Amino acid sequence: MTDSAPLDVDLVLLGGGGAASLLLAALDRHGVRDLRIAVVDPVRRRGQDRTWAFWGHPDSDLDPLLSASWQQVEVATAARRRVLDLTPLRYAMLRSGPVYDRAAEAERRLDATRIVAPAETVRDDGDRVLVRTGGGRSVRAGWVLDSRPRPPARAGRTTWLQHFRGWWLEADRPVFDPTRAVLMDFRTPQPPRGVSFGYVLPVSDRYALVEYTEFSPDLLTDAGYDAALAGYRDLLGLDPTGLRVREVENGVIPMTDAPFPARPTPRVVRLGTAGGATRPSTGFTFSAMYRQADQVARALAAGRAPVPAPAYPRRHRWMDAVALRALDRGGVGGPEFFDRLFDRNPAERVLRFLDGGTTPAEEVAIMNSTRLLPMITATAGDAVHRVRDRLRPTRPAPAIPPAVVGDPLGSAPTARRGGPPSGEDDVRAR
Ligand SMILES: Cc1cc2nc3c(=O)[nH]c(=O)nc-3n(C[C@H](O)[C@H](O)[C@H](O)COP(=O)(O)OP(=O)(O)OC[C@H]3O[C@@H](n4cnc5c(N)ncnc54)[C@H](O)[C@@H]3O)c2cc1C
């Protein structure tokens, strides 16, 4: 195929990562069979390159793919450890391997064309969209669903990153409690600007993902992540001589009130992080991606345009902008902010709020659980900043930096290395 003979399809997916994988599975699930589909990505996603944690109701189509789920989670601060019952929701862990496998199967059943190349230009004439890819292949489509990573349209008022490193730890003896996950453990030393916490996602009493996460403006160094994670492991009372690091997981997720336009041109719809599915105040993305994939697939199955509802209501984005500002400008301490949220609301309400599913009355209750004065200051500051933004030229957003990867398994100085534990045959170190 050459530029003069583009492949004609109904739908082209630019990017074949998390959002596109969920979409392919949803198209298959909703019985879409009569669409011509192409997927463009320079990488064919396979195996365990990330672990998704999210909450939701049990009995979804994802259940057979889960590595673990928990009815109870812990939120810990220096002052107390709170055990939260999430009923009727549950917190769940989904590794990328089964998601990519299901997407590959869906792609086959949908008879989609895979183009292993980067999309380079996208031209929307309002009727059809022409996509030129690296290597000269081009595709013309009725709709483009674009989940390629990209910075927001302009700089936000607050630009933070959620950045983290996790170790998949295998222990010689039972050391983890598989009946509950640690959602946020704020006993980690707090950075001068930002919030840090650890968390633990156990899949058995000997095997767990243990992570150190920061919400802050700048990344750490490779050694910085290792030191912080080793510190958290020690805080958990885990003996490093009885542990093996089986895999290392690194990531960077934007946390900003900057806009991610969901429909930049009439026939281009953005999905995933690029389309605003990442919740600015937490970095959680998965549930919104899943929701939007389902909406798009339902729309296509019904012969409608593949345009999902916004990932979060506008008022939630405003509340997140205020919260981020209060955290960034030092008006509110991160551990205190989250502690009060879980102290004064049922856990289920907080989690529904973070997924964009609460009513305005519930949101007032959530607002009332934060300290009033710093939030009023942040609200006023946000309003002034918005006006200033209208008056001055748009500032470009900084690119979202890649994760600091380091030397995959050399990065755990006090842990022994080893091959994958039995039963984890798709595990690889990154
Ligand atoms: C390690 C990690 C762990 C995470 N854990 C969680 C979690 O626990 N819970 C949660 O809610 N969120 C989590 N997230 C955030 C979010 O859910 C994921 O980043 C998710 O994969 C986002 O999906 P996406 O499709 O937007 O982006 P991606 O999954 O990154 O997919 C983007 C795709 O675009 C492709 N691409 C790049 N350039 C081009 C191009 N020019 N042309 C075509 N394709 C291109 C890439 O190869 C990639 O496959 C995590 C993120 C990371 C990095």
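Asp59 is exposed, with a relative accessible area of 72%, and in this predicted model the residue sits in the loop between strand 3 and strand 4 (68-70). Although Asp59 is not a glycine, its phi is positive, at about 70 degrees. A second residue of this kind is Asp111, which has a positive phi of about 55 degrees without being a glycine and which belongs to the loop between helix 2 (96-109) and strand 8 (113-115). Asp111 counts as exposed because its relative accessible area is 65%, and exposed residues are those over 50%. A further backbone feature is the cis peptide bond from Thr87 to Pro88, with omega near 10 degrees; Pro88 lies in the loop between strand 6 (81-85) and strand 7 (90-95).

**Surroundings of the ligand**

The ligand is surrounded by 29 residues, of which Gly18, Asp41, Ala53, Thr285 and Phe286 are the closest. By class, the shell is made up of 14 nonpolar, 10 polar and 5 charged residues. Helix 1 (18-29), strand 3 (51-56), strand 16 (243-256) and helix 4 (286-301) each contribute at least two residues to it.

| Residue (backbone N or O atom) | Distance to a ligand nitrogen atom |
|---|---|
| Gly15 | 3.5 Å |
| Thr51 | 3.1 Å |
| Ala119 | 2.8 Å |

Of the 970 Å² of accessible area that the ligand has on its own, the protein covers 87%.

Glu247 is located in strand 16, and because its relative accessibility is 2%, Glu247 counts as buried. The side chain of Glu247 forms a polar contact of 3.1 Å with the side chain of Arg95. Its C-alpha atom is separated by 5.9 Å from that of Trp167, although the two residues are 80 positions apart along the chain.

Pro254 also belongs to strand 16 and counts as buried, at 8% relative accessibility. Between the C-alpha atoms of Pro254 and His163, which are 91 residues apart along the chain, the separation is 8.6 Å. When residues up to four places away in sequence are not counted, Pro254 touches Trp160, Leu161, Phe260, Thr273, Thr278 and Ile400.

His316 is placed in helix 5 and is buried, with a relative accessible area of 0%. Its side chain is joined to that of Glu363 by a polar contact of 2.6 Å. Leaving aside neighbours within four places in sequence, the contacts of His316 include Arg279, Phe353, Gly356, Gly357 and Thr358 as well as Glu363.

In soluble globular proteins, nonpolar side chains tend to be buried together. The largest nonpolar core here has 44 residues, and the members that touch the most other members are Leu86, Tyr91, Leu201, Phe215 and Phe337. Helix 5 (residues 314-328) gives the most to this core, with 6 residues. Apart from this core lies another, of 39 residues, among them Leu66, Ala103, Leu271 and Ala311.

Which residues does Phe215 touch, if those up to four places away in sequence are not counted? Its contacts are Trp160, Leu161, Gln162, Met184, Gly194, Val195, Phe197, Met255, Ser281, Thr282 and Phe338.

How values were computed. Residues are numbered from 1 along each chain as its sequence is written. Side-chain values use heavy atoms; hydrogens and water are left out. A nonpolar core is a set of buried Ala, Val, Leu, Ile, Met, Phe, Trp, Tyr and Cys residues joined through side-chain atoms within 4.5 Å. Buried means under 20% relative accessible area, exposed over 50%, partly exposed in between (1.4 Å probe, protein chains only). Helices (H or I, at least four residues) and strands (E, at least two) are DSSP runs, numbered from the N terminus. Contact means heavy atoms within 4.5 Å. A residue is near a molecule or strand if one of its heavy atoms lies within 4 Å of it. A polar contact is a pair of N or O atoms within 3.5 Å; within protein, one must be able to donate a hydrogen and the other to accept it, and residues adjacent in sequence count only if both atoms are side-chain atoms. Accessible areas come from the Shrake-Rupley method with a 1.4 Å probe; for residues, only the protein chains shown count as cover. Ala, Val, Leu, Ile, Met, Phe, Trp, Tyr, Cys and Pro count as nonpolar, Asp, Glu, Lys and Arg as charged, and the others, Gly among them, as polar.
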